[in-house]
Amino acid sequence: MISQQATAANTGLETAVAVGVEIAGVGHHAPEQVLSNDDLAEFMDTSDEWIRQRTGIRQRHVCDPTKGESATWLSASALKQALDNAGVDPGELDQLILATVTGEMLCPSTACRVAAEVGARGCAAMDLVAACSGFVYGLNLAHDQIRAGSARTIAVVGCDVMSTVMDYSNRAVSVLFGDAAGAAVLRACDDPARGKLASCMHADGSKWRDLYIPTRNDHIPQGADRSMARVNSVQMNGREIYKFAVGTFSGLIQETLDRAGLNAHEVDHYVCHQSNARMLEAARERFGLPTEKMYINIDRYGNCSAGSVPTALSELRAMGRAQSGETVMFVAFGGGLTWASSLWQL
């Protein structure tokens, strides 16, 4: 067995018997261009009332490729804010984890390009693909690496440019999604009480057909409605995904609370993936939580996939909430199918 001292010698890091992990800084960014429900109604059979009643969304932000707006640009913008907020120099980063399903290339990873963009030369960088759960997956992985002593400072970014994979002739899907990125800088600290209290990460690949992005025609499964199927655009069985999310959401929160030995009211904030306002409200009522404990911003952003949770966290921090000493649960679910949680003592 390799001792902690030997591990420290190999990595160049000092390890402690117990190390805390803090979310030292956060940031988010969304494109200036806004696509409102009324804008969508100009070229598809829908209305502001129809969309708001079913989803709670009234607008979403979308990138303009003619201005060079991309996943790299969005991610770097959010990460620069998070680094500034944390007071961390890019050169201090040991690793960058970028959660996205809309990376610009298969190689290099978008994370590598973002690291170069912010000046984090030499840090490890990788993309993580877990759809809407990606940022929460990344948060758990980064935390555990820092707690184990293999890194001191890790940036986790969640970004998706969903407008690049939208078929705007498909009303049922395209009204839901928007573009945004959020970032968090995690850092080792001296207080071992700070950090993750419990987490859950799950997947069920047998249900991938309910939410996927085919890149070739032969990716479209047998039985799918090929009159609606489009390569390089989100394909979603809305009814099944809604059932999955509703059935998973409350159970995931309870599973995480049970692992931590807490009850729902002992958590100060629930930072949840923004997929449907009605679903969020139903979960809040299920646990008897006051409105201020479950932040909702889907009305302004839509579903931003991996960008959803970190954008909500960044906005909460900007309002003076989700601060040091508070308990926060991050919850997400999405394509894969995947679902994940991360409960923190900040």
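Me: Which residues of H11 are buried?

Reply: Taking buried to mean under 20% relative accessible area with a 1.4 Å probe and protein chains only, the buried residues of H11 are Ser308, Val309, Pro310, Thr311, Ala312, Leu313, Ser314, Glu315, Leu316 and Arg317. The model is a predicted one, in which local features need pLDDT of at least 70, side-chain atom pairs count only at pLDDT 80 or more, and totals for chains, interfaces and linings use all residues. Residues are numbered from 1 along each chain as its sequence is written, and side-chain values use heavy atoms, with hydrogens and water left out.

Me: How many of the residues of H11 is that, and what comes just after the helix?

Reply: Helix H11 spans residues 308-318 and has 10 of its 11 residues buried, so it is largely enclosed by the rest of the structure. Just after H11, Gly320 has a positive phi of about 80 degrees. Helices here are DSSP runs of H or I with at least four residues, strands are runs of E with at least two, and both are numbered from the N terminus.

Me: Switching to packing, at what angle do H8 and H9 pack?

Reply: Helix H8 (residues 238-260) packs against helix H9 (residues 277-286) at about 35 degrees, with the axes 10 Å apart; the axes are lines fitted to C-alpha atoms over the stretch in contact, and angles run from 0 to 180 degrees between N-to-C directions.

Me: Which residues meet there?

Reply: With contact meaning heavy atoms within 4.5 Å, Tyr242, Ala245, Val246, Phe249, Ser250 and Gln254 of H8 meet Arg278, Met279, Leu280, Ala283 and Arg286 of H9.

Me: And how do H4 and H5 cross?

Reply: The axes of H4 (residues 71-86) and H5 (residues 110-118) come within 9 Å and cross at roughly 50 degrees. The two helices are therefore oblique to each other, a class left over once angles under 35 degrees are called roughly parallel, over 145 roughly antiparallel and 65 to 115 roughly perpendicular. On the H4 side the contact is made by Ala71, Thr72, Ser75, Ala76, Leu79, Lys80 and Leu83, and on the H5 side by Thr110, Arg113, Val114, Glu117 and Val118.

Me: Zooming out, how many helices and strands does the chain have, and how much of the chain is buried?

Reply: The chain has 11 helices and 13 strands, and buried residues make up 55% of its 346 residues. Among contacts between residues at least 6 apart in sequence, 75% join residues at least 24 apart.

How values were computed
Buried < 20%, exposed > 50% of the residue type's maximum accessible area, 1.4 Å probe, protein only.
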